[in-house]
Amino acid sequence: MKMNGISKTLAAGIAGAVLLAVPLAAAEEIYVPNLSYRTGPFAATGIPLMNGQRDYIEMLNARDGGVNGVKIVYDECETGYNTNKGVECYEKTKGKAIVTQPWSTGITLQVLPRTNVDKIPILAPGYGFSPMSDGDVFAWAYNPPSSYWDAASMILNHISDGDLDKLKGQKIALLHLDHPYGKEPIPLIEAMAEKHGFTFLPIPVGLKEMQNQSAQWLQVRREKPDYVVMWGWGAMNAGAITEAVKTRFPMDKFVGVWWSGYDGDLKAVGDKGKGYRSISWNVPGDYPVLADVKKHVVDAGNSLLENADDMNTVFYQRGLVISMILVEGIKEAQEHFDTKAVTAEQLRWGLENLNIDEARLEALGMAGMTAPFATACDNHTGHGGGWMLEWDGTQFVKASEHIMPDRAAIEPLEKAKAEEYAKNNAPWPDRSALPCGN
Amino acid sequence: MLYRTAGQFKTSYQSDQALFPVRQDAFLLIFFLLLAYVVFPLTASEFTFKALLVPVLIYSLASLGLNILTGYAGQLSLGTAGFMGVGAYACYKITTIFPELNFVIALALSGFFSAAIGVAFGLPSLRIKGFYLAIATLAAQFFLVWLFEKWSWLYNDNASGAIEVRTMDMFGLTVTGPTASPVVQYYFVLVAVTVVFWLSINLTRGRYGRMWKAVRDMDIAAELVGINLMRAKLTAFAVSSYIVGIAGALMVFLWKGAAEPNLFDIPLSFQILFIAIIGGLGSILGNFLGAILIVALPVIINLIPGMLGLSVNVATLEHINVMIIGALIVTFLIVEPHGLARFWAVIREKLVIWPFPH
C-alpha cells in the first residue's frame, strides 16, 4: 500500500498544480492545442498533417510575431488515436484552450456534447460528422471546407461527368474502414443510389484486416464493380492500394476520399499506382506561403520535418491549410470583438463568419492551394468543393476542374441527421443563447 | 512497531472472522476511504476526476470482475472487454427504451445481460480448461465486437454506429451527459465500486468463494469432496460477467459519454488482464494497485515534464512513457511474480515483526 499512498499523494498534488496552473496563463497569448497522433497505428498519416499544422503557426510566430501581435502557442497532446487518451488530453488542455482539434471521429463523438457546456469550439477540417454543417444544431462545431458527404457527392459527380443518371445500372463499391469514420458516407451514397438507379455495394474493412485485405479484394473481383470508392485511413490505404495493384484492378476506376490520398502510400507502388485518383480540397504545389514556411521554420531548424522535401506532399500542405483556417477564424474574431487575445467564445463567432475568398488566399500566399469558401450561421462547413488529384507515378497532380458537391441533395439529409443527433443526446440546447449575426 | 499485532486478542468467533482482524488494517482502510470520499472530492480538479480517479475506479472494477473468474475460480478469460460491451450496450438499450427508469436500476439490470452472455460463453469451461478455455473466450470477444458493429438495433440505427449518452437525472442531480458535474459522477462511480467490492469481498470469503478456490486449486479433488463443478464454474462466470458488465456501463455512461464498438476490442481485454495479473490474481486489493500502475501512472508521467517546465516532443514523451511503464511491469513481476498485492503482503508481514525478526 506504500505504492498506493505515494501515487495518491502525487495525484492530489497534481490536482492542486492543475488548479493553480490555469489562472497563470499569460494574457497576451492564444493557446491552441492539437490532439495529435504521432504514435500508434495511424501515425504515418498523422505526422505530416500535424507537422503542417504546427509549421504554419510557427511561421506566423516567427514572421509576424503571431497574429496581429499576439503569439499563438501551439501545443500538441498525444492521443495515439486512442479515445481514452482523447478524454485525458481534452481535460488537460481545456482550461486555456480556445479550440479543440480532436483529429478522430471517436474523440469528436466524446467531445461534441461537451462543447455546449465548456463553450470551446471544435474545429475538424474535412472530418467529423457531416451533419455538423448544420450550425443551427451544432453551434460549436465546424468542419470546413468540405464534409464527407460533400466528398462522396463530388466523387460521384466526377465519375459521372456531372450527370449522375449516367451511373444508372452501374455498380459502385465503397471500400471503407469499418469504423464511424468509414461508415460516414454510406447514408448519402445509399440515397443517391436509390435516386439515380445505380447499385451500391459497401465493403467494410475491419480494423484488424487493414493490412490484409485479400478477402475484400476477392469480393471486388467477384462483384466486378464499375468503380471502387475508398474511405480508408492509416494502414488501410496502403493495404488497399497494394492489393489493387496485385489483383490488377484498373487504377482509373479506383477513387479515394481526401484522407486516402497520401503520397507515402502510393510511393510504395510507384508507377503501378498511376491513375489512382483522390478527391481533395487542397492542391499540392509551389505556393508563396511555402517559401515563408521554409525560410522561417524549416531552415531555421524549428520544424519537426525530417526531410525538407516532404513539404511538397499533399498532407503536409493540407496541414498548413488547416491551421490557416483556424488562424483566419482568430483574425475574424479579433477584428469583430476588437481584442487581441480572443477567447473560445469569440473564436466560435470568428469561425462562423469566415470568408476565405480568392483575394484573401492571394494575400496569404495560398491562391489556388485550397478552394475559397465562406461559413455562415447555418453553414458551418462552407462547402468549398475541391479537385480530383491523380497519382502520376511520382506525385499527386491536379486532374480536374473545380468540382462542387450536389448541395441540394445533401442538405435535407444533413438536417435530418442533425436533428436525430440532437434527439439522441437530449436535452440538446437550441441556439436561443447564441443568436446568429452577433 | 506501527503494525504490532500483539495484544489484539480475539474473544469471540465473530471477531475472529472479522473482515480485518488486525486493527491497523482497518485503520488503513478507513484512511483510504476518507481520502476517496472526503479529501479527493474537496481537492481534485476536473482533470483529476476525469483522467485519473474515475478511470482508476472503473478499471479496478472491471479487473475485480476478471479476478473473480480467473483469480478465484481459475478460469482464464480473454473476453472481458466483450462482456463490458454487453453491459454498456444493454444499459444503452434499457435507458433508451425506458427513458423514465432510474439510472441505478438500469445499471443494475444491464449487469444481468452480461451475466447471461457470460454464462453462455462459460459453458465450454465445463469441458475444456486453461489455454483452450482462453481461446473459447477469445471467440466470445471477437463475436461480441462483431455483433456491436453489425447489429444496428443495438445502437438504434445511429448513422455513425456509436452509442451516445443522453442526460439523465437522479434525485435532482445530473448523473450522465455533458452537464453532469465531475464530482457527482465521481461519487456515483465511487459508491458503485464500494458496494460491489464490499459484496465481492464477502462473496469470496463465503461458501461460493471457497467453492471457486477449491475448483481453481484442483477441480478433480473439488468434485470428489462433493462440489458441483458446473455450478461453481457457471456462478463464477455469472458473477464475474455481471461485475464486468457494470464496469462497462459505467465506463460509457459516467466517463466517456460516447462509445464506438472497437472500444471493446481485444486491447481492452488485455489491459484488464494485465491489471489483474500485475495487481495480483486472487486478491481484492490488487485490482486497485494494478489499475493505478496501468491506468493512472501513464497519465501522471505525461504531466511531469509540463510541471518541471521542460518541453518534450509529445511523441517522444509517449514513447518514453511506454518504456517506463513496461520496465516497471517487468521489474514488479521479477521482484514479486504474484503481483503487487503480494508485494504489499510481504511488506506488511515484515512490518508486523519489525524490529525483531525471528
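Me: In this predicted model, which residue of S6(A) stands opposite A:His176?
Reply: Strand S5 (residues 171-177) of chain A is joined by seven bridges to strand S6 (residues 199-205) of chain A, and the two run parallel. Within S6(A), the residue that stands opposite A:His176 is A:Pro204.

Me: Which residue of S7(A) stands opposite A:His176?
Reply: S5(A) is also joined to strand S7 (residues 227-231) of chain A, with five bridges between these parallel strands. In S7(A), the residue opposite A:His176 is A:Trp231.

Me: Is strand S5 of chain A largely enclosed by the rest of the structure or largely open, and how many of its seven residues are buried?
Reply: A residue counts as buried if 20 or more other C-beta atoms lie within 10 Å of its own. Strand S5(A) is largely enclosed by the rest of the structure, because the number of its seven residues that are buried is six.

Me: Why can the buried residues of H13(B) be said to line one face of the helix?
Reply: Helix H13 (residues 314-335) of chain B has 22 residues and reaches 31 Å from its first C-alpha to its last, close to the 32 Å expected at 1.5 Å a residue. Its buried residues are B:Val314, B:Ala315, B:Leu317 and B:Glu318. Seen down the axis of H13(B), these buried residues line one face, because they fall within an arc of 165°.

Me: Which elements do the buried residues of H13(B) pack against?
Reply: The other side of H13(B) carries exposed residues, including B:Met323, B:Gly326 and B:Val335. The buried residues of H13(B), by contrast, pack against elements from both chains, namely helix H12 (285-308) of chain B together with, from chain A, strand S1 (29-36) and strand S2 (71-78).

Me: Is A:Asn68 exposed or partly exposed?
Reply: A:Asn68 is placed in the loop between helix H2 (43-64) and S2 of chain A, and has a positive phi of about 50° although it is not a glycine. Since 13 C-beta neighbours lie inside 10 Å, A:Asn68 counts as partly exposed.

Me: How many other C-beta atoms lie within 10 Å of A:Arg248?
Reply: A:Arg248, in the loop between helix H9 (235-246) and strand S8 (254-256) of chain A, likewise is not a glycine and has a positive phi, of about 55°. A:Arg248 is exposed, and the number of other C-beta atoms within 10 Å is 9.

Me: What is omega for the cis peptide bond that joins A:Pro144 and A:Pro145?
Reply: A:Pro145 lies in the loop between strand S4 (141-142) and helix H5 (148-159) of chain A. For the cis peptide bond joining A:Pro144 and A:Pro145, omega is about -5°.

Conventions. Residues are numbered from 1 along each chain as its sequence is written. Chains are lettered from A and ligands numbered from 1 in the order in which they are written. This is a predicted model: local features need pLDDT of at least 70, side-chain atom pairs count only at pLDDT 80 or more; totals for chains, interfaces and linings use all residues. Helices (H or I, at least four residues) and strands (E, at least two) are DSSP runs, numbered from the N terminus. The expected span of a helix is 1.5 Å times one less than its number of residues. A residue is buried if 20 or more other C-beta atoms lie within 10 Å of its own, exposed if 12 or fewer, and partly exposed in between; C-beta atoms are placed from the backbone. The arc is that of the directions from the helix axis to the C-beta atoms. Two residues are in contact if their C-beta atoms, placed from the backbone, lie within 7 Å. Two strands pair if DSSP finds at least two bridges between them.
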